[in-house]
Amino acid sequence: GDDRARRCMTMIADHGALASTMAPGKFDVTRSTGWCFRTLVKYYELSGDPRYRPFVDKAADLIWRDVDKAGTTGTGTWQLGIYARAAIHAWLTTGDERMRDLALGCADWARTYEVGTEGYPYHAQKEPWSLKPEDRGERCAWANAYLLEPLAFAFSQTGDSSENGISFRFI
């Protein structure tokens, strides 16, 4: 058969490896990082190609080293949700416990500092941890999808129903 889809998938994984592991200096953990890391991990998972494992491991090392453990600043929950999803898939694929811890931390941060009492995420301002979500800006319903997976993952790992309750309000 036609191997164009496979070749495209390999090319996208190569881009993911480049973008999520080869940035000079401090690693900037953003949505692009998360998307590229997740693409790289998914390709490794689906293909089993051992040449990609060192890139997966390096990306995990960099995201663990440089992600702000105090939470996201200036970009809001949706970017945190993107790289948390990458961390979840990295943990499921490699068993790297740091990625599980990162995903759980992201879910907890989002639940605590980004989700209002009615269960919806809000846009972050410059210092999101200094204000209640309700005082921080407009409701951000489109970010719900970015948080569903991290919050559901947190519930599956911890059994804490507070994550589960928030996730179901998104649906």
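**Reading the fold and its contacts**

Reply: Let us begin with contacts along the chain. Among the contacts in the chain with a separation of 6 or more, 58% join residues 24 or more positions apart. Please keep in mind that this is a predicted model.

Me: Which elements make up the chain, and in what order do they run from the N terminus?

Reply: The chain contains seven helices and zero strands. From the N terminus on, the order is therefore simply α-α-α-α-α-α-α.

Me: Which residues of α2 are buried, and what follows just after α2?

Reply: The buried residues of α2 are T33, G34, C36, F37, L40, V41, Y43 and Y44. Just after the helix, G48 adopts a positive phi of about 70°.

Me: How is a pair of aromatic rings described?

Reply: Two quantities are used: the distance of the centres and the angle of the planes. The structure holds two aromatic pairs. In one of them, the ring centres of Y43 and Y52 lie 4.8 Å apart with the planes at 65°, so this pair is edge-to-face. Both Y43 and Y52 are buried.

Me: What are the distance and the angle for W91 and F153, and where do these residues lie?

Reply: W91 and F153 also form an edge-to-face pair, at 5.7 Å centre to centre and 70° between the planes. This pair links distant parts of the chain, 62 residues apart: W91 belongs to helix α4 (residues 77-94) and F153 to helix α6 (residues 144-158).

Me: Why do W91 and F153 count as buried?

Reply: Buried means under 20% relative accessible area. W91 is buried because its value is 16%, and F153 because its value is 6%.

Me: Is R85 buried or exposed, and which residues does R85 contact?

Reply: R85 lies in helix α4 and counts as buried, at 16% relative accessibility. Leaving aside neighbours within four places in sequence, R85 is in contact with R38, Y146, E149 and P150.

Note on methods:
Residues numbered from 1 in each chain as written. Predicted model: local features only at pLDDT ≥ 70, side-chain atom pairs only at ≥ 80, totals over all residues. Heavy atoms only, no water. Buried < 20%, exposed > 50% of the residue type's maximum accessible area, 1.4 Å probe, protein only. Helix = DSSP H or I, 4+ residues; strand = E, 2+ residues; numbered from the N terminus. Contact = heavy atoms within 4.5 Å. Phe/Tyr/Trp six-rings, centres within 6.5 Å; stacked < 30°, edge-to-face > 60°.
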